[in-house]
Amino acid sequence: MRFIIVLLFLLSLSFGGARLREYTLENGVKIILKETHGKGLISGSIFIRSGTHGEKKRGVTNLMAILFTKGTKKHDAYKIASMFEDYGGFVSASASDDYVEISFSTKIEGLREALDVIRSMLSEPLFEDGDLRREKQNTLKALRSRKERGHELAMDRLRQITYRGTSYEYAPLGKEEDLESITREDVVERWKEVLKAKNTVVSLVGDFKVEEVLPLLKDALSELPKGEYAYQVKEADISLSLLERVKREGSQATILCAFDAPAFRGEDYFAFKVLDAVLGDGMTSKLFKELREKKGYAYAVYSTYPTRLGSPRLIAYIGTSPEKKEQAIKDLIEVVKRHEINPEDVELAKNKIIGDFLLAHQTRARQAWYLGFFEVMGFGWRMDLEYTQRIKEVDYQKVRDVRERFLKFHHCVVVEP
Amino acid sequence: MATLALSMDLKTYRLDNGATLVIKNREDTEAVAIHVWFRVGSAYEDYHQKGIAHFLEHMLFNGSEKYPYGQLDYVVESLGGNINAGTSKDYTFYHITIAKPYWRQALDVLYQLTQRPLLLQDMVEKEKPIVIEELRRGKDNPTTLLWEEFEKTIYKVSPYRHPIIGYEETIRSFTREMLLEFYRNFYQPKNMYIVVVGSVEPEEVKGAVLETFGKEEGRAVPKVQKLPEPEQLENRKVELQDRRLEKSYWLIGWRAPAIGTKEYYTLLVLDQILGSGRTSLFYREIREKGLVYSISTGDFGRPKDNIFFVYATLEKDKLEHVKAEVFELLKKLTVSLEEEEFEKAKQRLINSTLFSLERVETDSYYIGYSLAVVGLLDYYKFFENNIRSVRKDDLVRMIGDLLSKPYSEVLMVPKR
């Protein structure tokens, strides 16, 4: 019997020190600040709760986000980039399924300028026609190019099956026919729709004093319009198993399967996170041991349980040679749904999650991301402090219980030569 | 100054058996990274061994004296750590990142893994289909084929022309004896660099290393003469077609200064100016003008026969225009680059290393790379100073040299 060390010590570790503060500006913008000690580095994340929910033309939110960095009334694209890159940092903007995210890094001496650029990006973006035309072309090509890779092609097909009728049916890049028709007016309309103070969460982590940066943040964010962009999250059920085959030339078959999973609010979430880690995270996971090590089907095999506002799924992947694919599909589903799990597996998976979570906090950028992510998704930023404890509290019985209640159906896509 | 200040905390030891140990004590983190590097990679293989360096890396995870098969990943993951390894053409390294209380266990795991492996015959057979799946997974991605073709086009003699992973035929032919021979030659103290970065007490780490790695016998490492690539005398161009593609991929490369040479720092500044970030020249003048979907620059960081390349995704009918623009911008740079822009680029490069060092694993990687590939810790220690010392004249000279040299191109286009 192998001995599992309980990672009590790990639970008390934290990265980069300590002082955490929360503020809500008058207009409703939520600010989370964390002081660290070091050589004057700062990273931030700005989350705008929206994502692709409620998009009239698919892809408009992502285009809006990209165009934030292409020019404002006050700064051109070069100036925007150089304000961050001159200090060794960066700025980037993109849309995900549930939020728009602007992330950046800079040094303390560049913060004032950086926040002025951020203010201008959010409040007075130009959305110039020339930039829109070019970025539309780039996005269209990026969308079509997803066929170049088996995994991306499979993921897009899987979205259309398992998230049918919800905003997740298409990736944030959008839909070809919609993208072509997106005009500047569409982008401006989306910007006015989603960029509301109450949807905005800003997290800043760095080697500063809260008192020094708070006034700068107030200046940068107080202009955001009051109010909230409210939308309904559509849900897609998974109550019938199915498998779809897609042809593509190549040397491997790519298999992706989505399984029903619990919603992220509530107790089941953490138990299911542990279940996912037992099944498909790392070299000790069931999928790795059974399908790679014992059967030799694959080099890469894993599962994930992405945190989304609606239509929760566990997604499992394996890439295998065409002659092994039929058996691999069967075995993958079998391992996920039925392979034996014991208490030791659960303890090991918990340690794995806790260790990964803490190691992921090494950079200020990731620390800012987690704080903002938990807040914008509705957990509240304090979840960043409680997460490891919540994982630790999961016991074997809870994992068995969620496994019994979920993972009943699957939607699989096989991209095969 | 910051990078220099960081390097002050370095402790370097040469063990009696010839192994090198570098410890960097960092108070600003709760994580520890332990790396074990070997100066061996696929460029050290002979013709029948293609892929053996990488295969051996896989095999070391299949059981050691103290940790039977399956036990090692179990120990690391149950301590919340990450373990992984990588094989390149010039080096192979094994590493664990873990919370600081567990550095001793991690060190022991890496010692057993690299110095006490079992390399059992049945495990060799178990591993073959896995590595072949890894190879096929690579080939399933058109860009893998593009990069392989690029190196095949540039290198006609050098072992760099072969892919790291090898070929299905060679992988199938590997035996325990072949692996043991390769292992005994290269996985020994005189060819080994141990790096520990994190909140650790150097004396304690040194003690633990002496108790493990320090006990191994130091034998002479066989000298491998990597065949040098002869000078390229003509431009080379290869065009590939692929049915899976939606756009074209273009790579152009020139022979470039080796990592660690004085000229290499000039190359890094050139790379920063041309292709690093959204402030870079190619991004502004080529990508933002709508000529390409993406464009970047880089080099292979090799200790000899290094290559500098420009990589773009685009429509085939724009290629001539893009290529002309790349050469034109390079030419213009020799006359119009302002001192201020030049200094700014150097500063951007120096500042960006500060962010990359936030993670202990990146910090260890740079140290390991300096020791095992460059052959000098000075590359890591004096990086900032060396970048500062690059002068505009050096850069202008380098561009002139680049423009006068033959180049190699690979274009991969959609097959209709």
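The following conversation concerns a predicted model, with attention to chain B and its contact with chain A.

Student: What does the secondary structure of chain B come to?
Tutor: Chain B has 17 helices and eleven strands.

Student: How much of chain B counts as buried?
Tutor: Of its 416 residues, 49% are buried. As for contacts in chain B between residues at least 6 apart in sequence, 81% join residues at least 24 apart.

Student: Which domains does the assignment give for chain B?
Tutor: Domain 1 covers residues 2-215 and domain 2 covers residues 236-414, according to the domain assignment. The C-alpha centres of these two domains of chain B lie 28 Å apart.

Student: How many residues are in contact between them?
Tutor: In chain B, 38 residues of domain 1 are in contact with 36 residues of domain 2. On the domain 1 side, the largest share comes from α6(B), with eight residues. That side divides into 21 nonpolar, twelve polar and five charged residues.

Student: Let us stay with α6(B). Which of its residues are buried?
Tutor: They are B:L146, B:F150, B:E151 and B:I154. These residues cover an arc of only 130° around the axis, so they are on the same side of α6(B).

Student: What do the buried residues of α6(B) pack against?
Tutor: They pack against three strands of chain B, namely β8 (248-256), β10 (306-314) and β11 (408-414).

Student: And what span should the helix have?
Tutor: At 1.5 Å a residue, the 13 residues of α6 (142-154) of chain B should span 18 Å, and the end C-alpha atoms are 19 Å apart, which agrees.

Student: Changing topic: how many residues of chain A are in contact with chain B?
Tutor: There are 60 residues of chain A in contact with 49 residues of chain B. Several elements of chain A each supply at least two residues of that side, including α3 (77-85), α5 (129-144) and β10 (313-320).

Student: Which element gives the most?
Tutor: α13(A) does, with seven residues.

Student: And how does that side of chain A divide by class?
Tutor: The side of chain A that touches chain B has 21 nonpolar, 23 polar and 16 charged residues.

Technical notes. Residues numbered from 1 in each chain as written. Chains lettered and ligands numbered in written order. Predicted model: local features only at pLDDT ≥ 70, side-chain atom pairs only at ≥ 80, totals over all residues. Contact = placed C-beta atoms within 7 Å. Helix = DSSP H or I, 4+ residues; strand = E, 2+ residues; numbered from the N terminus. Nonpolar A, V, L, I, M, F, W, Y, C, P; charged D, E, K, R; others polar. Buried ≥ 20, exposed ≤ 12 C-beta atoms within 10 Å, placed from the backbone. Expected span 1.5 Å × (residues − 1). Arc of directions from axis to C-beta. Domains from an automatic or database assignment.
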